[in-house]
Amino acid sequence: MPRTRAMVILPLVGCLLLVSLAGCSGGAAQPPPAEAAGGFTIQNKGSDTLVNLALAWAERYTALHPEVRIAVTGGGSGTGIAALINGTVHIANASRKIKSEEVEQARANGIEPVEHVVAADAIAIVVHPHNPVDRLTIPQLSAIFSGKITNWKEVGGEDRPIVTLSRETNSGTHVFFLEEVVRQGRKDDKTLFSPETLLMPSSEGISSEIRRNPNAIGYDGLGYVTPDQKVIAVARDERGPYILPSIETVHNGTYPIARDLYMYTAGEPTGIIKEYLDWIRTPEAQAIVAELGFVPIIKH
Amino acid sequence: MKKGQAHIRWGEFLIETLIRVTGVSAIFFVALILVFLLREAAPALVQVPLSNLLGTRWYPIEEYFGLVPLILGSLWVTFGAVVIAVPLGLATAVFIREIAPGWVREILKPLIEVLAGIPSVVLGFLGWVAVAPLVQNLLGAPTGLTILTGSLMLAYMALPTIISISEDAIDAVPKSYRDGALALGATHWQTIWRVVIPAARSGVLMAVMLGIGRAIGETMAVMMVTGNAPTIPRGLSAFLKPARTMTATIAAEMGEVAQGSTHYHVLFAIGFVLFLITLLVNIAAAVLMLRQERGGRGRLLG
């Protein structure tokens, strides 16, 4: 008899233990300690546009300061900012500005996000190398990506269906493109991407589909454009001028689809994180920006 | 003597308890997952109007939470996979059990098990590199990333399940059935088609069900090859168009959301819908299995 009772009790104890564990995991998020044993590890996460640049910076910086460790991961701007809000990273990389809802969520978690401009970027419009179209206006791009223009012959190309490619909605590039190109910078415009738009999980997904599909049109950061893709010259409207993206055309403001790239910290950075962010703005770090095909920040 | 017995009892007691705990914990964990899913999904119903959830547009960053394209996307990809995989799987099972000579069977069986062991991300990559261009070039789709591409990859993944379970079902058909059919003058093919397969049909149906379960929950390969565009599939031509499945949506967006946001809860609601679908499929399979166990014999008369 006592045996059977114990058999009932034991699983029950196990259950209670598990329930209490499950309850604990729902508690408040704790930022990871920056000062782990054996040195500093800066957790850096976010924009896939920025991830290669952030990695290159981290590599160079840790070579200069061996006591610092920097862990860089991608996932998208939304992912990085969500991680900052949830308190799991020190620096969030973003290729768009933080949204007001995200600021509210961060404040609700007791975190005040602080913005740092770390580089600039041009969004290149890319097509298959055999596509005869080489210039488009912003209104044309808006019509293509919102599904109003569905055949290349409507914009001076061959009689082929247009397949639009985009990054996933958690990408800062996606949000920037929606606001500045699909909605043409108009705040009250509620135009959306066509539901037929293929949402690619990565930049590599876009470039390889562009390379093999003559129907495709996509967009990506200038740093991700490989020589086997054709870059389209873009104009604000049909009067022109049609401009190709480059460091010069971003700096002189003639290329219409350019943006700043950001890092966000929880509160004003201090100590090791501040030193890192200060170093990123030095000419040495900004030289890496140009090497990787992004646009260095310039002092106005 | 007495001491020794007590010792044995204790050991037995410990092992019995351990087995009991592991058995009970399986049920307990499923219940825990269900409770967790419900708790995280419920706020979605409060925060998002039903008309929005039942809408046809999925664009979460602008608060469009229509689940219809995602549910239909999953169902279409799965349906396509089943249509492709079931005849192939059944034919393979029949071949292995009824036609192939012993040595061929010995080679085929382990190979099919290897097929089951290929990671889905590898299949997704294969689909992306090899199958998608074929779909585009041979069938003239605007892009190779289509429902059909996803269905092909899923069919490939569901095949081992379908083959091995229908093989077991065919194996369970008593030899006397075959002997009887042959004695009555039926050919080998007539025996297979008219006697063996009908006798094994509930097992074959169960194979189909488990194949569906395998296909609908698959994420990685589908995310890589279906294009992830949240469109509503319409007509047969939809197989040559992209779609977005529930699993791919959760995988692609879960990392992005802030915990506790509406989008977060809606993703859990999708997870709950997925859970319900797989649960239904599994219950259907279990019911079929029970029927097979009870009424394996005498089915031919019915």
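Q: What is the mean pLDDT of chain A?
A: The mean is 82. Of the residues in chain A, 86% reach 70 or more.

Q: Where in chain A is confidence lowest, and where highest?
A: Lowest is helix α1 of chain A, residues 2-25, with a mean of 40. Highest is strand β3 of chain A, residues 91-94, at 92.

Q: And over which residues of chain A does pLDDT stay under 50?
A: Over residues 1-31. The model has 18 contacts beyond four places in sequence for that stretch. Where pLDDT is low, the predicted coordinates should not be read in detail.

Q: OK, the rest of chain A. How many helices and strands?
A: Ten helices and ten strands.

Q: How much of chain A is buried?
A: Buried residues make up 52% of its 300 residues.

Q: Let's pick a helix. Is α3 of chain A mostly covered or mostly open?
A: Mostly covered. The helix spans residues 77-85, and nine of its nine residues are buried. Among them are A:Ser77, A:Gly80, A:Leu84 and A:Ile85.

Q: What covers the buried residues of α3(A)?
A: The cover includes strands β1 (40-46), β3, β4 and β10 (258-266) of chain A. Helices α4 (100-108) and α6 of chain A are also part of it.

Q: Which residue follows α3(A) with a positive phi?
A: A:Gly87. Its phi is near 75 degrees.

Q: You mentioned α6. Which residues does that helix of chain A span?
A: Residues 172-182, and A:Phe177 is found there.

Q: Is A:Phe177 buried or exposed?
A: Buried, because its relative accessibility is 0% and buried means under 20%.

Q: What is A:Phe177 in contact with?
A: Leave aside its neighbours within four places in sequence. Then A:Phe177 is in contact with A:Ile123, A:Ile125, A:Phe145, A:Val182, A:Phe193 and A:Tyr219.

Q: How many residues lie between A:Phe177 and A:Ser142 in sequence terms, and what is the C-alpha distance?
A: They are 35 residues apart in sequence. In space they are 9.4 Å apart, C-alpha to C-alpha.

Q: Next helix: α10 of chain A. Which of its residues are buried?
A: A:Ala285, A:Gln286, A:Ile288 and A:Val289, in a helix that spans residues 283-291. Seen down the axis of α10(A), they fall within an arc of 145 degrees, so they line one face of the helix.

Q: Why do residues three or four places apart in an α-helix point the same way?
A: Because an α-helix has 3.6 residues a turn.

Q: What does the buried side of α10(A) pack against?
A: Its buried residues pack against α2 (48-64), β4 (113-127) and α9 (271-280) of chain A.

Q: Which exposed residues sit on the face turned away?
A: A:Pro283 and A:Glu291.

Q: What comes just after α10(A)?
A: A:Gly293, with a positive phi of about 90 degrees.

Q: Switch to chain B. How many helices and strands there?
A: Twelve helices and two strands.

Q: What box do the C-alpha atoms of chain B fill?
A: Roughly 70 × 65 × 35 Å, taken along the principal axes.

Q: How many charged side chains does chain B have?
A: There are 21 positive and 16 negative. The centres of the two sets lie 8 Å apart.

Q: Which loop holds B:Asn228?
A: The loop between α10 (220-225) and α11 (246-253) of chain B. B:Asn228 is not a glycine, yet its phi is positive, about 55 degrees. B:Asn228 counts as buried, at 0% relative accessibility.

Q: And where is B:Glu63?
A: In the loop between β1 (58-59) and β2 (64-65) of chain B.

Key. Residues are numbered from 1 along each chain as its sequence is written. Chains are lettered from A and ligands numbered from 1 in the order in which they are written. This is a predicted model: local features need pLDDT of at least 70, side-chain atom pairs count only at pLDDT 80 or more; totals for chains, interfaces and linings use all residues. Side-chain values use heavy atoms; hydrogens and water are left out. pLDDT is the predictor's confidence in each residue, from 0 to 100. Helices (H or I, at least four residues) and strands (E, at least two) are DSSP runs, numbered from the N terminus. Contact means heavy atoms within 4.5 Å. Lys and Arg count as positive and Asp and Glu as negative; His and the chain ends are not counted. The place of a charge is taken as NZ of Lys, CZ of Arg, CG of Asp or CD of Glu. Buried means under 20% relative accessible area, exposed over 50%, partly exposed in between (1.4 Å probe, protein chains only). The arc is that of the directions from the helix axis to the C-beta atoms.
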